[in-house]
Amino acid sequence: MNSHLALDGYQLAVRALSDRIVEAQTPIRVLDAVKWDDSIRQTFLKHKGRELPAIDRSYYDSRPLPFDPAAKKLEFQNIERDITRQLGQFNPVGQIMRRMCREYRMVIRMLEARGTSDFGLISQELYGAASDAFHAGDPTLADLGLMFSDYLNNIDSRGDLKDEPKTLGAKEAVALLQSRLNLVFGESENTIRVFESDGILADAAAGADYIKIRTDAMFNERDVKALEVHEGLVHVATTLNGQNQPICTFLAKGPPSSTVTQEGLAILMEVIAFASYPSRLRKLTNRTRAIHMAEQGADFVQVCDFYREQGFSLEDSYSNASRAFRGSAPDGLPFTKDLSYLKGFIMIYNYIQLAVRKGKLEQIPLLFCGKTTLEDMRTLRQLVDEGLVSPPKYLPQQFRDLNSLSAWMCFSNFLNHLSLDRIEADYANIL
């Protein structure tokens with residue numbers, strides 16, 4: 001890479017250590033390591049959803065990790081030691097990289113514990129628990145899930161906000177999504193590719209510079225807009241911005257702490273781009289509630305029944321419930337990654353609101369300079385000023401021009417001070 005030639009000794013040292021982290025994390029694929037194979041689904045459906053899947057420690061042992069866990073933990077330990085040795089204990093970028101090394105070691109410990117109670121406990125350390133409070137005295141994620149469910153039930157009872165029929169096949173969805181992303185990322189650069197794939201479970205999945213659409217999935221235009229915003233404008237854009245970093249290459253890769261920031265940013269973008277809708281919000285709410293149920297002792301069949309009560313088919317209920325138990329046992333503590341969506345949304349929203357209140361608008365776009373973590377934002381600002389981190393090249397319009405976002409947050413800051421209970425009582429005669 002030619003930019004190496006222009007880097008000084010300190011920058012080269014940071015770049016070399018950063019590259020070692022990127023290299024070391026390459027074989028760690030959390031979702032691949034925890035997923036259940038299709039035979040588990042078929043057996044569950046054959047028994048009409050009444051028997052717990054046959055998943056235990058030995059099941060995961062039969063699917064070994066694609067790396068030696070002990071050697072990989074030692075590799076991160078050595079990188080962490082070299083960061084301190086070369087950059088010192090209090091160097092800002094060194095502190096970010098050391099935390100990443102510790103997080104990846106914890107991820108490996110979690111994957112080693114697949115099928116045991118330790119798996120769920122380490123998952124809570126990495127991604128949080130549904131019973132965590134945001135701040136002292138505030139509602140928990142579980143409370144938020146129940147609150148959202150009540151709101152959504154009130155909307156559902158109207159009966160006139162049904163989703164449009166899904167009339168777009170994969171081919172049409174690919175063409176529509178590609179044309180929309182070309183407007184944002186530039187057609188000539190062919191920066192993001194959209195294509196069909198029959199090898200994925202979800203309707204769509206994002207990679208470093210591509211979005212895959214499942215061949216047999218059906219969509220409506222609202223679905224495509226949500227994919228454009230969530231997968232394209234956030235997940236792929238932050239990956240590309242991370243890959244464009246000449247020194248802090250670690251920003252192209254995200255440990256669990258960045259997952260919370262990433263998913264929160266993606267949900268916030270859906271909201272401010274008016275790309276979200278009640279049934280999509282219901283999906284996120286249900287994931288939070290399913291995890292909370294499992295934390296409270298519900299087993300796989302009970303969580304599956306919860307989804308069936310919501311009107312999902314047995315097959316869809318299995319898919320939804322398995323998200324909460326993958327990596328764990330069907331009667332164990334849940335895998336809590338799916339809390340990232342609502343948890344991240346609240347944290348990012350609060351961060352932007354505070355940045356507007358304190359007049360620190362320049363910090364907001366830096367959320368997009370790679371796979372960032374909220375607690376690093378102040379340090380990242382410092383690193384941009386020092387020239388160690390490049391500002392994001394790809395930014396959604398809402399974050400490129402902060403006029404509208406700032407105005408919205410100013411109103412929001414004020415409205416937060418009003419009592420909704422008092423308003424409800426006063427407005428009772430006119431609503």
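Student: Which residues of α9 are buried?
Tutor: In this predicted model, the buried residues of α9 are Ala170, Ala173, Val174, Leu177, Gln178, Leu181, Asn182 and Phe185.

Student: Where do they fall, seen down the axis of α9?
Tutor: The buried residues lie within an arc of 160 degrees, so they line one face of the helix. As a rule, an α-helix has 3.6 residues a turn, so residues three or four places apart point the same way.

Student: What do the buried residues of α9 pack against?
Tutor: They pack against β1 (193–197), β3 (210–214) and α10 (221–243).

Student: How far apart are the end C-alpha atoms of α9?
Tutor: They are 21 Å apart, which agrees with the 22 Å that 16 residues should span at 1.5 Å a residue.

Student: And what comes just after α9?
Tutor: Gly186 does, with a positive phi of about 95 degrees.

Student: Changing topic: at what angle do the axes of α5 and α6 cross?
Tutor: The axes of α5 (residues 69–87) and α6 (residues 92–112) cross at roughly 170 degrees and come within 9 Å. The angle is over 145 degrees, which makes α5 roughly antiparallel to α6.

Student: What kinds of residues form the contact of α5 with α6?
Tutor: Ten are nonpolar, three polar and eight charged. Among them are Phe76 and Ile83 in α5, and Met97 and Ile108 in α6.

Student: Is Arg99 buried or exposed?
Tutor: Arg99, found in helix α6, counts as buried because its relative accessibility is 13%, under the 20% cut-off.

Student: What is Arg99 in contact with?
Tutor: Leaving aside neighbours within four places in sequence, Arg99 is in contact with Ser257, Thr373, Glu375 and Asp376.

Notes:
Residues numbered from 1 in each chain as written. Predicted model: local features only at pLDDT ≥ 70, side-chain atom pairs only at ≥ 80, totals over all residues. Heavy atoms only, no water. Helix = DSSP H or I, 4+ residues; strand = E, 2+ residues; numbered from the N terminus. Expected span 1.5 Å × (residues − 1). Buried < 20%, exposed > 50% of the residue type's maximum accessible area, 1.4 Å probe, protein only. Arc of directions from axis to C-beta. Contact = heavy atoms within 4.5 Å. Axes fitted to C-alpha atoms, helices over the stretch in contact; angles between N-to-C directions. Parallel < 35°, antiparallel > 145°, perpendicular 65-115°, else oblique. Nonpolar A, V, L, I, M, F, W, Y, C, P; charged D, E, K, R; others polar.
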